[in-house]
Amino acid sequence: MNEGACRTLEFHKILDRLCDQASSDLGKEQCLSLQPFSSPEQITEAQTETADALNRLLKNSSVSFYASGSIYASLTRLDKGSSINTGELLQIARLLENASRVKAYGRRDSNDTSEDSLDAYFSLLEPLSALCADIRRCILSEDEISDDASSTLRSIRRHMKQTTDKIHSQLSQMVSQTYRNYLQDAVITTRDGRYCIPVKSEYKNNVPGMIHDQSSSASTFFIEPAAIVNLNNDLRELELQEEQEIEAIIAGLCASCEEHLFEIRQDLLTLADLDFIFAKGKLALDMNATRPLYNTEGRVLLRKARHPLLPKETVVPIDLSLGDTFDLLVITGPNTGGKTVALKTLGLLVLMGQAGLHIPTLDRSELSVFSDVFADIGDEQSIEQSLSTFSSHMTRIVTILEQADEHSLCLFDELGAGTDPTEGAALAIAILNRLHMRGIRTVATTHYSELKVYAIREPKVMNASCEFDVESLHPTYKLLIGVPGKSNAFAISRKLGLSEEVIRDASARLNKKDEDLEDVLSQLEQNRLLLEQEKETVARYREEAEELKSSLESKQNKLNEMRDRALREAKDEARDLLTDAKKIADEAIRFYQKHGDGDAIREMEAMRSKLREKLDETRSPGPKAESQKASRTYKAGDFHLGDDILILSMNLNGTVSSLPDSKGNFFAQCGIMRMQTNISDVELLENKADGKKSKASYNGSKLSKAASVSAELNLIGLTVDEALSKLDKYLDDAYLSHLPKVRIVHGKGTGALRSAVQSHLKHVSYVKTFQLAEYGEGDAGVTIVEFK
């Protein structure tokens, strides 16, 4: 990929942000050395790894990928047979411990059978737990070896302590008793690793022993008493033995590391690879970026694209397309209107996508695989090379014309500027026409009206402009495809206070052709604004219609479920009734065949009466069952607003909506109907002691809650707090209704609601898995939740 274009489009700043997301030295090195790929297979592989890392980050928190680059030098020395020090051994132990943590992070639940591209990386990690435990057991710090490193070392140190205690015991007696009057201070000190006592110079001959040192004033001599010389010799021998044993222990650990050199080096490189991949996932999460779709037809479609180096809170998203119905886009408009930002956004997102990074756009944005990207943006004058602004631009343009092909993307900012406007416009048209005839995807910004006319006249060439608000004198930074831009010089000058006389004089100096072109552009702008308003109105109506349709479908589904449930229950009751009737009939026939006399007939008549009574019990009371009477006589004071009642004459359930008058008449609410009745024609429905409703009330509401729980919850339009409250209740209902999985529709937007929903799902104990929906099923706007 063209290095000059990468530098011009500031791709290195993206790499700096990517490097900030990595946690290891080797991972940061990979981030800074990342370059765009030109192979579709490599791009797909890199994008898949980034997407899988992002998905794991959404499901779980991040993990540290410690991999110090200095370990690589230590492994190289081990490979050559050299030994390493305790600090390097501890670094290897930390590496193996982190490999164990990362491997556990990548391990899936036993119920999760899904796989992704990162499973292979996690499977390569070898924690080497035994080697790590040996290093930690033997080495406490860079300067301390544990007594447990070996039994020999423990024995040596035990003898050293015993010898030291003997020396201190004898010296303490000398200091406090034998030589007390000869000493400068009553202390025990060491010189050259041997214990001594400080003797006054005048008494040095009174203390037999070896002189090891004297003070700077020569008033004190440090003498090793003869009585402890042998003990000091023994202590020195033990110290030498200790050093030899420590060297042997370290040599053994180095040998163990050398045996597993391949696995350690593999862990180091794998952790660096994972750190790099997860850095891409973290960057995508930070930018709220999505994975682009790729094609090889040169087609680009960016939906609500944001420049990744501008603050995402203030940057204005743009929609940009290229390579479908047109392959040359000419962007015009006033200065500081956003033309160059749009140009850089396209180029930088192309580089990011081909480097395997997600891009800050809405999902389903498309990019093509370009073999190279060329950019002539900015002023690079060279005093040393005697190049003016125009010359420096033309030098780069010559290179682009020589090297670009039909698989390249060319970007030009202010093409033809820096020279005579007439010649510059003609030259710009010729350059663009040359690229257009070769089928090269090209985007150029300009102020020349001649290029607007060229874009209108030529096929597969499209005008575009950056919108400018003349009233506020501020650009809106919206990119308008299909609309040529205006300089708005007269309108801006008038707004800033330039006299009308000067503006009329300037207008009169415009030739008829230029004036007609400006009038056409003004009319196009007015028509565009009108179409935008109509488009917004139609979109709003369509959204309302979709919501109404969805609501009606939901209600119809609930009604269908209630109907099917009622039919099933009715069939079950009828089947039970027929079964009981058949049993009684079979018993009667067998009884008659067995006896067949008058007594049998009387018995059969009794059975028939019994069957009739059973049928009467199971038969539902009809609307004309006027013979029903209240189980008790009620008074007006027995009724309260909201009490549940049964209207006997109509067999309807309802609630009291007004208190009875002096005649006992009152109003009751029965569903959507409000009717007048009397206390003599109603039955109060009271709760039983066990908290369950009476049979009459129960029969009116026995449809279970499970029949009305939808498999989808729509949270679009809610705040995070409202959405989480509604989500929590819905998950409980869905889980109790034994639904296997549900869809949570949270939309895409800024991603805040999606992040809040998925963060909440992590802490729901009965949620088995959750993931974003597939393409065509909602993508990043829908989360699929599966219950345990």
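This is a predicted model: local features need pLDDT of at least 70, side-chain atom pairs count only at pLDDT 80 or more; totals for chains, interfaces and linings use all residues.

Me: Is N288 buried or exposed, and at what relative accessible area?
Reply: Residues are numbered from 1 along each chain as its sequence is written, and side-chain values use heavy atoms, without hydrogens and water. Buried means under 20% relative accessible area, exposed over 50%, and partly exposed in between (1.4 Å probe, protein chains only). N288 therefore counts as buried, at 17%.

Me: Where does N288 lie, and what is its phi?
Reply: N288 sits in the loop between α11 and β7 (293–295); helices (H or I, at least four residues) and strands (E, at least two) are DSSP runs, numbered from the N terminus. N288 is not glycine, yet its phi is positive, near 55°.

Me: Which loop holds D192, and is D192 buried or exposed?
Reply: D192 also has a positive phi, near 55°, in a residue other than glycine. Its loop runs between β3 (189–191) and β4 (194–200). Its relative accessibility is 70%, so D192 counts as exposed.

Me: How far apart are the end C-alpha atoms of α11?
Reply: α11 covers residues 261–287, 27 residues. The expected span of a helix is 1.5 Å times one less than its number of residues. That gives 39 Å for α11, and the model agrees: its end C-alpha atoms are apart by 39 Å.

Me: How many of the 27 residues of α11 are buried?
Reply: α11 is largely enclosed by the rest of the structure.

Me: Which residues does I92 contact, leaving aside neighbours within four places in sequence?
Reply: Contact means heavy atoms within 4.5 Å. Beyond those neighbours, I92 is in contact with I71, L75, L78, I84, I135, C257 and I264.

Me: Which side chain makes a polar contact with that of E366?
Reply: E366 is in strand β11 and is buried, at 18% relative accessible area. A polar contact is a pair of N or O atoms within 3.5 Å; within protein, one must be able to donate a hydrogen and the other to accept it, and residues adjacent in sequence count only if both atoms are side-chain atoms. At 3.0 Å, the partner side chain is R299.

Me: Which element has the lowest mean pLDDT?
Reply: The protein averages a pLDDT of 83, and 85% of the residues score at least 70. Strand β11 (residues 366–368) has the highest mean among the elements, 95. The lowest mean, 38, belongs to helix α20 (residues 695–699).

Me: How many contacts beyond four places in sequence does the model have for residues 687–707?
Reply: Over this stretch the pLDDT stays under 50. The contacts beyond four places in sequence number 24.

Terms used: pLDDT is the predictor's confidence in each residue, from 0 to 100.
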